[in-house]
Amino acid sequence: MLRYSKNPSVSELKVQVTSLDSGLSYSWQSPGSKSTHLIASGTKMFAATVVQRLADEGKLAISDPVSTHLPSSDFANLNIQDGVDCSEQITIRDLLSHTSGIADYYQLKRLPKKGDLSQLSEQDPGWSFEEAIDLARQLPSRFAPNSGKAHYSFTNYQLVGRLIEAVTKQSLGDAFKTRIFEPLNLSDTSLITKENLEPFYNASQVLIGNQKYQGAKRIASLGAEGSIVSSTQDTTKFLQHFFTGDLKSTTGRDNLLSNWLPIFPGIRYAAGVMSLGLPRVATRAKHKGRYLGHSGATGHFMFFDPIDRLTIVGSINQLKPSTNAYRLMASVLRGINSV
């Protein structure tokens, strides 16, 4: 771990590995690290869990068209095929599983690759739901809804956040609190909002290349896409309850973990959950399997091995795209499997 933590592209490295069967519990973090960090797109798994809990409560069905719960102004003209608006066909499952075909508005919100990114990110005022949706409408949709294809689009989870607020009549932060954070006693977990940026500043420093990322308002704009901060302990607890506990019904969990489609190299996607394949030669695992959970653009990873019932959570707190987080994860698993 010390070798990875000294890498200049890594900020406040953290790792926690826990086995539900063997009693293994291992954690490590860079000296002086803060207890919380941005989990980025790991937020999507929390959001999907809230949606499924609402389904268990009978307040919606994953198969519902989005139009059942949201006004057309929220989603109209987001999927145009041959001049025809197909947005009415989009279901909640399509949003959760990225099968809606909706374009990714975030393509138009990425920071430049050069310049003073620390200052640029700090000065960015962020954006509203309406602004994100308008940007998505400017881009061509990828395919018709539910075409058997998946395309990772942040716009989907802008709509998921909107849906949660519409159905619960709560803010997104309160919906997370009442259905996940408080029931699981996740005391280190919270949602960054434009009204409360404090969790961002209290979390581990994220880098973007070799510069400090200061985009608190940008992160707050993501909502259900990626605004949660948490600790490795809290995220481990969430994963364990998601896969083995009573956070949702067994039927509900199976509902989320179905219809896997390829979305990135080595990664399949269901409803708010990734399935990551790591070569056995890299992990020295005794079985051939996949790791279920989610990763995020900050170098955060949170995965569960359903065969060994082992959770592995960590972060390198780096926004510049790289495979370092997955390399770290494989290295930790290799060390454990070699014992």
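Me: Which residues in α2 meet α11?

Reply: The model is a predicted one. Helix α2 spans residues 43-56 and helix α11 residues 232-244, and their axes come within 12 Å. On the α11 side the contact involves Phe238, Leu239, Phe242 and Phe243. The residues in α2 that meet them are Met45, Phe46 and Thr49.

Me: Are α2 and α11 oblique or roughly parallel to each other?

Reply: The two axes cross at roughly 40°. Angles under 35 degrees would count as roughly parallel, and 65 to 115 as roughly perpendicular. The relation of α2 to α11 is therefore oblique.

Me: Is the crossing of α2 and α11 left-handed or right-handed, and how many nonpolar residues does the contact have?

Reply: The crossing of α2 and α11 is left-handed. By class, the contact includes one polar residue and no charged residues. The number of nonpolar residues is six.

Me: How many nonpolar residues are in the contact of α2 with α7?

Reply: Helix α7 covers residues 154-168 and packs against α2 at an angle of about 40°, the axes being 10 Å apart. From α2 the contact draws on Lys44, Ala47, Ala48, Val50, Val51 and Leu54, and from α7 on Phe154, Tyr157, Val160, Ile164, Val167 and Thr168. One residue of this contact is polar and one is charged. The nonpolar residues number ten.

Me: What is the strand order of the open sheet of three strands?

Reply: The edge strands, each pairing on one side only, are β3 (37-38) and β6 (190-191). Strand β9, residues 228-230, pairs with β6 in the antiparallel sense over two bridges, and Ser190 has Val229 as its bridge partner. The order is β3-β9-β6.

Me: Is Ala203 buried or exposed?

Reply: Ala203 is placed in the loop between α9 (198-202) and β7 (207-208). Beyond residues up to four places away in sequence, Ala203 touches Lys34, Thr36, His37, Leu38 and Val229. Its relative accessible area is 4%, and the cut-off for burial is under 20%. Ala203 is therefore buried.

Me: What separates the C-alpha atoms of Ala203 and Lys34?

Reply: Lys34 is among the residues that Ala203 touches. The two residues are 169 residues apart along the chain. The separation of their C-alpha atoms is 6.0 Å.

Me: How many residues of β13 are buried?

Reply: Strand β13 comprises residues 291-295. On one side Tyr291, Gly293 and Ser295 are buried, and on the other Leu292 and His294 are, which leaves both faces covered.

Me: Which residue of β14 stands opposite Ser295?

Reply: Strand β14, residues 300-305, runs antiparallel to β13 and is joined to it by four bridges. The two strands form a hairpin with four residues between them, and Gly299 in the turn has a positive phi of about 80°. The residue opposite Ser295 is Phe301.

Me: What is the bridge partner of Leu276 in β13?

Reply: Strand β12, residues 274-276, pairs with β13 in the antiparallel sense. Three bridges make up this pairing. The bridge partner of Leu276 is Tyr291.

Me: What is the relative accessible area of Thr283?

Reply: Thr283 lies in helix α13, residues 280-283. Leaving aside neighbours within four places in sequence, Thr283 is in contact with Leu278, Tyr291, Ala330, Leu333, Arg334 and Asn337. Thr283 is buried, and its relative accessible area is 1%.

How values were computed:
Residues numbered from 1 in each chain as written. Predicted model: local features only at pLDDT ≥ 70, side-chain atom pairs only at ≥ 80, totals over all residues. Heavy atoms only, no water. Pairing = 2+ DSSP bridges. Buried < 20%, exposed > 50% of the residue type's maximum accessible area, 1.4 Å probe, protein only. Contact = heavy atoms within 4.5 Å. Axes fitted to C-alpha atoms, helices over the stretch in contact; angles between N-to-C directions. Parallel < 35°, antiparallel > 145°, perpendicular 65-115°, else oblique. Left-handed = near helix turned anticlockwise from the far one by under 90°. Nonpolar A, V, L, I, M, F, W, Y, C, P; charged D, E, K, R; others polar.
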